[in-house]
Amino acid sequence: MLKKTAAEGVHAQGINIGAIIDMSSRIGKEQRVAMEIAMEDFYGTGNQTLFLHIKDSQRDPVCAALAAMDLINNQQVQAILGPQTWEEALSVAEISSQTQVPILSLADTTPKWATERWPYLLQASPSKQEQTKAIAAIVQSWNWHQVTVIYEGTDSSAIEVTPSLFNALRDAGVGVIQGLVLPTFASTITLSKELEKLKSEQSRVFVVHLSFPLAVRLFEKAKKMKMMEKDYVWITTNPITSLVHSNASIISSSMQGVIGVKSYFSERGHLFREIRQRFRRKFSIENPKDDNNEPGIYAAEAYDAVWTMAVALNGSNRGGQELLETILQVDFHGLSGKVQFIKFINERAPANRFHIINIIGNSYKELGFWSKGLGFSKTIHENSIYRSCMTDWEQALWPEGPWNTSSRGWITATSANPWRIGVPGESGYREFVHVEYDHLGNNTSFSGFAIEVFRETIKRLPFILPYEFIAFKNTSYDELVKQIHLKKYDAVVGDVVILASRYQLAEFTKPYTETGLMLIVPAQAGNRELSFIRPFTKSMWVLTAVITVYNGFIIWLIERNHCPSLKGSMLHQTGIMLWLAFNTLFSLHGGKMHSNLSRMSMVVWLFVALVITQTYTANLSSMLTVQKLDGAAPNVEALLNSNAVVGYGTGSYLQNYLVDVLRFKTQNIRNYTTLEAYAQAFKNKEIAAVFLEVPLAKLFLAKYCRRFVSVGPTYKSRRVWI
């Protein structure tokens with residue numbers, strides 16, 4: 001037989017289980033009623049007498065710890081259900097582990113390391129972290145590329161959920177402009193100041209992950225500041241959305257148009273409908289001041305937690321480690337879904353399905369569902385159609401009316417308030433960025449490759465974005481990027497390199513040019529006029545000449561008796577002999593041979609001549625190529641060993657890179673501002689090499705292609721506009 005005792009805890013024969021809840025909160029009220037109904041439902045189904053002792057935590061970790069000690073020492077409970085927050089569960093977990101009393105926590109999330117430290121702590125409510133992927137999918141569906149995340153700094157669920165939310169948004173290609181952290185008891189002044197800052201931003205998409213009381217205050221203040229109107233998008237997470245059913249007056253006054261994600265549990269089954277009726281009657285009797293008496297996900301999870309303990313204890317007096325092992329083997333379908341624990345991490349299988357709702361009037365409309373690995377669907381059954389996007393659903397009612405794809409979630413700049421684009425005012429590379437001032441200083445023109453890339457990008461935007469270029473006359477690129485962080489510029493366009501230190505101040509686009517650093521050195525000088533004789537040595541040239549003349553003499557000697565033209569004066573015969581020698585060297589179409597001996601000699605000579613000419617051609621081509629590519633200094637090591645002076649571009653990070661990474665001495669590096677300055681420095685023997693980024697190096701080599709070459713590897717860096 002199964003019974004329930006009063007919270008005062010009159011000790012009786014049987015097995016006692018305890019519960020620690022916040023009886024003053026809506027969640028605690030639902031949990032208490034659900035637990036009592038669960039005890040009634042289990043009555044008579046088992047052969048063991050159970051008693052439930054409920055204690056009030058008052059949402060205070062100290063009170064929760066004292067309640068746990070009382071339940072363990074005085075009521076001698078075998079297990080404890082709750083509490084709701086991680087801070088309370090933390091205070092109870094140490095006591096439970098010392099006394100080997102299992103704790104079935106009903107907190108939204110529990111850190112992975114907690115169950116390793118406290119093996120008797122179990123997560124009885126499914127983890128809600130998968131909701132972050134549902135939110136990211138919603139944001140991605142409407143092509144919002146930037147959002148602001150508002151979360152509670154001291155809230156237990158935020159500690160675990162917020163990092164997962166940031167990662168999910170990043171994986172979906174959505175940038176988080178900022179994470180606004182609010183204290184649990186934020187004052188009205190604090191809320192006003194923070195909302196005023198958000199109002200000044202162009203992005204109007206907000207993801208809110210707060211406790212329900214703080215969220216209510218936030219939305220009420222946002223309503224007064226007219227931030228629940230057109231162009232604003234508000235998305236709430238499970239801790240808020242799962243309680244909207246119980247606060248009709250609040251949501252009707254300040255949360256209109258909010259899109260929410262909440263845990264899914266089936267409300268169509270016969271068991272739930274029967275429990276729902278009993279819950280409403282019992283809740284109304286125990287909490288007459290509450291407007292709404294509908295059960296939510298927290299009631300369903302509390303109901304299942306009681307059944308988990310009842311199943312584990314049914315027909316047995318097990319306790320301690322044996323009871324813990326039995327709980328981990330529990331497997332049944334409850335009100336909140338499948339109840340099954342994952343061993344080794346001591347937590348219930350995570351929730352993989354969520355409701356997507358739209359708050360309208362004093363209630364909400366179900367837009368559909370999101371399932372892990374499947375996507376969005378309008379219904380949940382075997383034949384449901386899943387999609388990766390929710391835009392084809394029934395139109396949502398956003399703040400101040402239906403969705404308008406042309407403006408929702410982003411405030412575009414106007415001609416009266418254009419984007420302020422910072423441009424390096426003193427860049428030495430005109431091909432990339434060039435700022436030209438008129439004589440009076442009233443007008444400024446901007447040109448260069450980076451400027452043109454930005455202009456072409458703006459043309460391809462689906463909306464008009466007014467902007468103005470502003471020349472930044474400080475030579476420090478770090479200071480230029482910092483202006484974005486200081487809100488003085490909305491963006492920066494120019495030959496700016498991505499660095500870790502700069503990445504903390506602003507976001508960068510993908511590189512639009514080839515990346516890296518190149519080492520440029522003077523090409524080796526040589527006597528080009530006599531380069532044709534270099535493929536062979538002097539001995540080879542002499543030997544080739546002797547063999548050529550000798551072959552001509554042999555042909556002349558054999559053929560002179562068969563050809564009258566080879567006879568005559570000594571001078572004539574000498575000329576004929578030399579002609580035969582060089583004619584056979586450069587031509588395969590010699591005169592007609594009359595003797596087989598001369599033909600045999602000719603075949604041998606033609607083979608030798610072919611080898612000689614091909615070898616000469618190959619050697620000459622190789623020598624000219626090496627002369628073009630090989631510099632005076634082969635690599636960085638040679639420059640360091642020779643204590644050479646090198647140059648680099650001014651206004652960049654290269655000075656620190658050369659000193660800290662490549663180990664050049666500070667006195668051996670010099671900076672220059674233009675391509676012409678590099679060439680003049682080489683001419684004056686001021687430097688032996690120069691380090692340039694790949695785009696600049698290509699410009700330099702294109703301009704001085706015969707005098708300089710690149711050597712060594714390419715050192716990676718990135719040039720972008722922000």
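**A first look around the model**

Visitor: Hi! How many helices and strands are in the protein chain?

Guide: The protein chain has 23 helices and 30 strands; both are DSSP runs numbered from the N terminus, with helices being H or I of at least four residues and strands E of at least two. This is a predicted model, where local features need pLDDT of at least 70, side-chain atom pairs count only at pLDDT 80 or more, and totals for chains, interfaces and linings use all residues. Residues are numbered from 1 along each chain as its sequence is written, and side-chain values use heavy atoms, leaving out hydrogens and water.

Visitor: What share of the residues is buried?

Guide: Of the 722 residues in the protein chain, 51% are buried. Buried means under 20% relative accessible area, exposed over 50%, and partly exposed in between, using a 1.4 Å probe and protein chains only.

Visitor: And L66, buried or exposed?

Guide: L66 counts as exposed because its relative accessibility is 53%. L66 sits in helix α2, residues 61–73.

Visitor: New topic: how many cavities of 30 Å³ or more are there?

Guide: The count is 6. A cavity is a set of points, on a 1 Å grid over the protein atoms alone, where a 1.4 Å probe fits but cannot get out; lining residues have an atom within 4 Å of a point. Grid points are joined across faces, edges and corners, and a volume is the space filled by probe spheres set on the points.

Visitor: Which helix gives the largest share of the lining of the second largest cavity?

Guide: That is α11, with 4 residues. The second largest cavity holds about 70 Å³ of space, and its lining includes F272, Y303 and L335.

Key
1 Å grid on protein atoms, 1.4 Å probe; cavity = no way out; pocket = protein on both sides within 12 Å on 5 of 7 lines; lining within 4 Å.
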